[in-house]
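Thanks for coming, everyone. Please have a look at the sequence and the model before I start.

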Amino acid sequence: MEYSISIIGLLTAVWGLVVVIQPLWHKTLIGFFARGRRAYAAVVLKIVVGVLFLLYARQCRIPSVIIVLGILTVVGSVLFAAMPITRIHAWFQWCRSRPLWFYRLWAVAAVLLGIIIFYAGWPVS
């Protein structure tokens with residue numbers, strides 16, 4: 001489990017690279033989560049990741065970065081889940097109406113964030 005934070009960072013960076021190359025894939029994924037109450041599955045996943053960050057931060061190279069990201073992930077996910085479902089659907093609709101360059105821009109940010117998580121989350125020797 002000592003490499004779990006770095007693996008999450010690597011997966012984030014790879015996901016971002018895939019979206020830079022194929023932004024329609026992410027647009028389709030957003031459409032999937034926009035139906036019914038599927039958004040809550042993503043919320044649960046994000047909360048789990050945030051809790052993992054908080055649990056394993058002390059073992060990481062730069063624990064303060066991982067702690068801040070863990071807190072932001074958990075709090076942001078809880079606040080998102082607290083919104084009315086109609087507002088969540090409206091947010092997904094807004095995201096789906098964005099041009100492809102918007103997805104690519106966010107994907108580049110995801111790659112950079114993934115690299116930061118990978119580096120900061122590497123276990124201390």
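Some ground rules. This is a predicted model, where local features need pLDDT of at least 70, side-chain atom pairs count only at pLDDT 80 or more, and totals for chains, interfaces and linings use all residues. Residues are numbered from 1 along each chain as its sequence is written, and side-chain values use heavy atoms, with hydrogens and water left out.

Helices first. Here a helix is a DSSP run of H or I, at least four residues long, and helices are numbered from the N terminus. Two packed helices are described by the angle between their axes and the distance between the axes. The axes are lines fitted to C-alpha atoms over the stretch in contact, and angles run from 0 to 180 degrees between N-to-C directions.

How do α4 and α6 cross? Helix α4 covers residues 63–82 and helix α6 covers residues 100–120; their axes come within 9 Å and cross at roughly 130°. That makes α4 oblique to α6. For the cut-offs: under 35 degrees is roughly parallel, over 145 roughly antiparallel, 65 to 115 roughly perpendicular, and the rest oblique. The crossing of α4 and α6 is left-handed, meaning the near helix is turned anticlockwise from the far one by less than a right angle.

Which residues make the contact? From α4 come V65, I66 and L69; from α6 come L113, I116, I117 and A120. Contact means heavy atoms within 4.5 Å. By class, the contact of α4 with α6 has 7 nonpolar residues, no polar and no charged. Nonpolar here is Ala, Val, Leu, Ile, Met, Phe, Trp, Tyr, Cys and Pro; charged is Asp, Glu, Lys and Arg; the others, Gly among them, are polar.

Next pair. The axes of helix α2 (residues 23–33) and α5 come within 10 Å and cross at roughly 165°. α2 and α5 are therefore roughly antiparallel to each other. This crossing of α2 and α5 is left-handed. K27, I30, G31 and F33 of α2 meet F92, C95 and R96 of α5. That contact of α2 with α5 divides into 4 nonpolar, 1 polar and 2 charged residues.

Now the rings. The whole structure holds 11 aromatic pairs. Rings of Phe, Tyr and Trp (its six-membered ring) pair if their centres lie within 6.5 Å; planes under 30 degrees apart are stacked, over 60 edge-to-face, and the rest tilted. F80 and F92 have ring centres 6.2 Å apart and planes at 80°, so this pair is edge-to-face. F80 sits in helix α4 and F92 in helix α5 (residues 85–96), 12 residues apart. F92 counts as buried, at 8% relative accessibility. Buried means under 20% relative accessible area, exposed over 50%, and partly exposed in between (1.4 Å probe, protein chains only).

F102 and W106 are also edge-to-face, with centres 6.3 Å apart and planes at 65°. Both lie in helix α6, 4 residues apart, about one turn of the helix. W106 is exposed, at 54%. Ring pairs link W94, W101, F102, Y103 and W106 into a cluster.

Q93 is in helix α5. Q93 is exposed, at 51%. Q93 and A34 are 59 residues apart in sequence, but 7.6 Å apart in space, C-alpha to C-alpha.

S97 lies in the loop between α5 and α6. S97 is partly exposed, at 45%. S97 and I62 are 35 residues apart along the chain, and their C-alpha atoms are separated by 37 Å.

Notes. Helices (H or I, at least four residues) and strands (E, at least two) are DSSP runs, numbered from the N terminus.
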